[in-house]
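Trainee: Please take one part of this structure and go through it closely. I am new to it.

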Amino acid sequence: METPIRNATQENMIDFAENVTTLLTVARTIEGIFAKNKSYHRPTKTAVQQEFLKLDTLFGHKEKIINQLRIEIDSLQQKEKEHNEKIEQLKEKDLQIAMLKGQLEESRNFNREILTDNLKAITEAINTTKQVQPAPTKSFAEAVKKQQTTVILAPKDKDQSVKDMRSNISKQLKKSGELDGVKRVLIDNNQLIIKTKTDEQAQKLQETIEKNTELKEVIMVRTPPEQKAKIICYGIPEGTTEQDLIEGINRILEIVTQNTKLVKTFTDNNNRTHAIILLLKREAIQLLRRGRIFLDLQSCTVKPFYEIKRCYKCQQTGHTSLQCKNDTKCGKCGESHDTRICKKETKQY
């Protein structure tokens, strides 16, 4: 496709050619006149001046066209130079793009190798994990159940001492290695209390004693009582009985609770009634997980009840009067006598 600059150049060249043709035509005409008319008279000065003026005009127009052509040629050369520079820049950019593509391909190959190695390591780890037998999962009831790590032994013959029974057990079971799991041994109320590290060790010790004929005849194995816990139920409806509380606990736990007992009820400063309930520890844990019970279409929050021991002999906390070795102190006046015999009606501190 031709550019506007080239179109203009062609038109100027055509004009120039036409002017030159006209000039040649005039020269030939003059030459013909001289050839035909030998008696040609010399033209006047004015006519010659007019012809030369025409020639000067034509040549001046020619110079102007030549100058324009030179300017256009210089402009085209400058544009060609710029075009060549842009081509060189584009070639450099193409080279850079090719280098970047090469680097990107190398990076992709490197990352692909790393991902392949990682995937291989993960696959090997998964296969290794599958080969390992998973630990058996415990049910919720087994998780909250108290482990019986205690074995209680008592002599069948009341005349037999607990120390003799302990010596007899030690002789019978020491060689077999059944006493390796024993953590602690206590003597209390003519009973031998053996504490083991795990539930399995306690059960195994109990089964070994029951299978041993000599020990079975003189020793009685007792099951330790299941632990209990207290909870407090806030904001119970007025007139709620112990049976209402037990039924509410049974509904929320969907079981029949055992040995549940209402300890006491009390009213706070806002006239709200609360109840302290004693029940098995595993049932208390389940109830505390639920967080509430429903009594007469009313939601009542349940939380653990913590008791602080207080000694009514020395008036200090952390122990009871049966275990107290401190001096007696009155809970009303602070003097050294029993609170029950104090004659002062109000506290003095």
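Mentor: What follows looks at the cysteines, then at one threonine, then at a record entry.

This is a predicted model, in which local features need pLDDT of at least 70 and side-chain atom pairs count only at pLDDT 80 or more, while totals for chains, interfaces and linings use all residues. Residues are numbered from 1 along each chain as its sequence is written, and side-chain values use heavy atoms, with hydrogens and water left out.

A disulfide is a covalent bond between the sulfur atoms of two cysteines. Here it is taken as a pair of cysteine sulfur atoms within 2.5 Å, and by this rule the count is 0. Cys-300 has its closest cysteine sulfur in Cys-233, but at 4.6 Å that is too far for a bond. For Cys-324, also in no disulfide, the nearest cysteine sulfur belongs to Cys-311, 3.6 Å away. Cys-300 counts as buried because its relative accessibility is 0%; buried means under 20% relative accessible area, exposed over 50%, and partly exposed in between (1.4 Å probe, protein chains only). Cys-324, at 10%, is buried too.

Thr-240 is likewise buried, at 15% relative accessibility. A polar atom of the Thr-240 side chain lies 2.6 Å from the backbone oxygen of Pro-237. Leaving aside neighbours within four places in sequence, Thr-240 is in contact (heavy atoms within 4.5 Å) with Leu-245 and Leu-295.

Last, the record: an unreviewed UniProt entry lists residues 66-96 as "coiled-coil region", and such annotations may be inferred rather than shown by experiment. In the model, the end C-alpha atoms of residues 66-96 are 45 Å apart.

Terms used. Polar contact = N/O pair within 3.5 Å; in protein donor to acceptor, adjacent residues only side chain to side chain. Helix = DSSP H or I, 4+ residues; strand = E, 2+ residues; numbered from the N terminus.
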